[in-house]
Amino acid sequence: MNKPATIDFATATAIDIPTAAPAEALHDLVPGEARDSLLAVHDVLRRKLPQGQLATYEAGGGSCSVLPPELLSRSKVSVVDIDEDQVRNNTYADEAILGDVQTYRFGSGSFDLVICYNVIEHLPHVDAALLNFRDALKPGGMILIGAPNPRSLSGVVTKYSPHWFHVWFYRNIRGIKDAGLPGEPPFPTFFHPLVTLPRLEAFAAANGLEMIYRREVESPRYPEMRQRKPLFAALVDAGAAMLNAVLPRGTDVRRGDYHVILRKS
């Protein structure tokens with residue numbers, strides 16, 4: 001197997017990211033539970049990460065980071081992504097590598113933080129990726145994972161609908177006109193069993209990773225739809241409410257995303 005190509009953006013390092021760009025760090029999330037949770041994640045990272053320069057690995061890092069600017073500005077960022085367009089579009093990494101996060105290995109103890117945001121649902125071998133992340137961490141290092149909940153309404157629709165429908169939804173409901181073009185989401189989704197949150201937590205515990213943050217949130221697609229397509233959103237909300245009424249008490253099928261932080265023992 002050929003060694004993955006490396007693209008080094010020498011003139012666009014993480015330190016060049018403007019400090020007044022919180023929207024990028026929040027992935028342009030509209031106000032709602034997902035945005036609130038990501039802000040809480042930022043607070044945990046500020047308190048738990050070491051002071052000084054950070055070594056950060058973004059697994060499947062796209063064109064923007066979920067780190068807040070003050071952490072990004074003191075991070076040396078390595079990005080690995082299998083999509084060449086995503087690698088070329090990255091503007092904040094010190095090192096951008098064309099490779100597969102399931103097989104690409106860094107040296108043991110290389111990083112303070114691994115970020116895998118909206119990625120594991122696209123991987124057929126999540127277990128291999130997670131073990132690679134763990135091995136690349138320093139003792140006490142952390143993995144931030146953001147992913148969709150396969151057991152939610154949006155997760156079930158995503159899992160069982162064809163990819164062309166995902167592209168249609170992104171273009172017509174979310175208003176992302178470039179959706180589906182080379183290097184642009186949505187990307188094909190696998191939903192490995194470990195994407196399910198209880199299985200992820202059990203796998204982490206069995207492999208030396210403690211879950212120090214866990215929050216299930218309403219999918220950000222709901223507040224987006226309420227802003228952009230209120231009538232369509234009202235129909236979806238009504239359908240979700242009907243499902244919640246017949247499912248076990250406490251179930252909310254709108255909780256379509258989650259954030260977790262795992263810490264290496």
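Which residues are buried in helix α8 (residues 197–206)? They are Leu197, Leu200, Phe203 and Ala204, where buried means under 20% relative accessible area, exposed over 50%, and partly exposed in between (1.4 Å probe, protein chains only). These four cover an arc of only 125° around the axis, which puts them on the same side of α8; the arc is that of the directions from the helix axis to the C-beta atoms. An α-helix has 3.6 residues a turn, so residues three or four places apart point the same way.

Before we go on, a word about what you are looking at. This is a predicted model, in which local features need pLDDT of at least 70 and side-chain atom pairs count only at pLDDT 80 or more, while totals for chains, interfaces and linings use all residues. Residues are numbered from 1 along each chain as its sequence is written, and side-chain values use heavy atoms, with hydrogens and water left out.

Now back to α8. Its buried residues pack against α5 (126–136), β6 (137–148), β7 (209–217) and β8 (257–264), with contact meaning heavy atoms within 4.5 Å. On the other side of α8, Ala205 and Ala206 are exposed. After the helix comes Gly208, with a positive phi near 75°.

Let us step back to the whole chain. The protein chain has ten helices and eight strands; helices (H or I, at least four residues) and strands (E, at least two) are DSSP runs, numbered from the N terminus. Of its 265 residues, 49% count as buried. Among contacts with a separation of 6 or more, 72% come from residues 24 or more positions apart.

Next, have a look at a helix pair. Helix α9 (residues 221–228) packs with helix α10 (residues 230–246) at an angle of about 140°, their axes 6 Å apart. Axes are lines fitted to C-alpha atoms, for helices over the stretch in contact, and angles run from 0 to 180 degrees between N-to-C directions. α9 and α10 are therefore oblique to each other: angles under 35 degrees count as roughly parallel, over 145 as roughly antiparallel, 65 to 115 as roughly perpendicular and the rest as oblique. From α9, Tyr222, Met225, Arg226, Gln227 and Arg228 meet Pro230, Phe232, Ala233, Val236, Asp237 and Ala240 of α10. The residues of this contact divide into seven nonpolar, one polar and three charged (Ala, Val, Leu, Ile, Met, Phe, Trp, Tyr, Cys and Pro count as nonpolar, Asp, Glu, Lys and Arg as charged, and the others, Gly among them, as polar).

The loops deserve a visit too. Most residues other than glycine have a negative phi, and most peptide bonds are trans. Where does the backbone depart from this? In the loop between α7 (163–172) and α8 you will find Pro186, joined to Pro185 by a cis peptide bond with omega about 5°. The loop between α7 and α8 also holds Phe191, whose phi is positive, near 55°; Phe191 is buried, at 7% relative accessible area.

Asn118, in the loop between β5 (111–117) and α5, likewise has a positive phi, near 55°. With 33% relative accessibility, Asn118 counts as partly exposed. Asn118 and Asp257 are 139 residues apart in sequence and 9.4 Å apart in space, C-alpha to C-alpha.

Finally, turn to Ala93 in the loop between α4 (84–89) and β4 (95–98). Ala93 is buried, with a relative accessible area of 0%.
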